[in-house]
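I opened this model to look up its side-chain contacts. My notes follow, entry by entry.

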Amino acid sequence: QVQLVESGGGLVQPGGSLRLSCAASGSIFTIDVMGWYRQAPGKQRELVALITNNGGTNYEDSVKGRFTISRDNAKNTVYLQMNSLKPEDTAPYYCNAAIRAHWGLPAYNYWGQGTQVTVSS
């Protein structure tokens with residue numbers, strides 16, 4: 001069984017910063033892509049940023065230059081550093097990871113339970 005546990009959300013003023021963390025645990029052989037998604041009220045879940053196992057990254061246009069995704073493969077952990085936060089960044093943020101439990105098995109998609117980010121004065 002695999003678990004993703006997020007932390008680091010909270011309330012911050014516009015222009016402030018937060019750092020999200022997501023640690024994967026359980027039966028893990030390798031982790032392929034890891035990413036962060038968010039789903040504002042009344043909107044579809046959208047990709048915020050992703051990172052491959054060799055460090056390649058991709059960002060949603062509205063967060064480019066403000067957010068940075070990184071990972072620590074030894075700790076099976078992905079991070080999202082969020083700077084210059086705006087009210088429109090408010091949403092629950094969900095961690096996602098494509099994880100292989102054993103050699104030769106396909107990667108399965110796992111989700112964390114979400115951590116709330118609220119940007120408000």
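**Entry 1: serine 121**

I started with serine 121, which lies in the segment after β11 (115-119). Strands here are DSSP runs (E, at least two residues) and helices are runs of H or I (at least four residues), numbered from the N terminus. At 83% relative accessibility, I logged serine 121 as exposed. My cut-offs for relative accessible area are under 20% for buried, over 50% for exposed, and partly exposed in between (1.4 Å probe, protein chains only). I also checked serine 121 against leucine 11: they are 110 residues apart in sequence and 9.2 Å apart in space, C-alpha to C-alpha.

**Entry 2: ground rules**

This is a predicted model, so I kept local features to pLDDT of at least 70 and side-chain atom pairs to pLDDT 80 or more, while totals for chains, interfaces and linings use all residues. Residues are numbered from 1 along each chain as its sequence is written, and side-chain values use heavy atoms, with hydrogens and water left out.

**Entry 3: the disulfide**

How many disulfides does the model hold? I counted one disulfide, taking a pair of cysteine sulfur atoms within 2.5 Å as the rule. Cysteine 22 and cysteine 95 form it, with their sulfur atoms 2.1 Å apart. The pair links distant parts of the chain: cysteine 22 is in strand β3 (residues 18-26) and cysteine 95 in strand β9, 73 residues apart. I read -80° about the S-S bond, so the link of cysteine 22 and cysteine 95 is noted as left-handed. Both cysteine 22 and cysteine 95 are buried. A reminder to myself: a disulfide is a covalent bond between two cysteine sulfur atoms.

**Entry 4: salt bridges**

Next I searched the whole structure for salt bridges and found six. The test is a side-chain nitrogen of Lys or Arg within 4 Å of a carboxyl oxygen of Asp or Glu.

I took arginine 100 and aspartate 32 to begin with; their closest N and O atoms are 3.1 Å apart. Arginine 100 lies in strand β9 (residues 91-100) and aspartate 32 in strand β4 (residues 30-38), so this pair ties together parts that are 68 residues apart in sequence. Are the two partners buried or exposed? Arginine 100 is partly exposed at 29% relative accessible area. Aspartate 32 is buried at 17%.

Then I looked at glutamate 60 and arginine 38, whose side chains meet in a salt bridge at 3.9 Å, N to O. This pair also links distant parts of the chain: glutamate 60 is in the loop between β6 (57-59) and β7 (67-72), arginine 38 is in strand β4, and they are 22 residues apart. Glutamate 60 is partly exposed at 23%. Arginine 38 is buried at 6%.

I noted a salt bridge between aspartate 61 and lysine 64, with the closest N and O atoms 3.0 Å apart. Aspartate 61 is exposed at 59%, and lysine 64 is partly exposed at 49%.

**Entry 5: rings**

I found one aromatic pair. Rings of Phe, Tyr and Trp (its six-membered ring) pair if their centres lie within 6.5 Å; planes under 30 degrees apart count as stacked, over 60 as edge-to-face and the rest as tilted. Tyrosine 37 and tryptophan 111 make the pair, edge-to-face, at 5.0 Å centre to centre and 65° between the planes. Tyrosine 37 is in strand β4 and tryptophan 111 in strand β10 (residues 108-111), 74 residues apart. Tryptophan 111 is partly exposed at 37%.

I then looked for charges over rings (NZ of Lys or CZ of Arg within 6 Å of the ring centre and within 35 degrees of the ring normal). The charged end of arginine 45 sits over the ring of tryptophan 111, 4.7 Å from its centre. The charged end of arginine 19 sits over the ring of tyrosine 79, 4.1 Å from its centre.

**Entry 6: positive phi**

Most residues other than glycine have a negative phi. I noted asparagine 76, with a positive phi near 50°. Asparagine 76 is in the loop between β7 and β8 (77-82) and is partly exposed at 23%. Serine 84 has a positive phi of about 50° although it is not a glycine. I placed serine 84 in the loop between β8 and β9, partly exposed at 40%.
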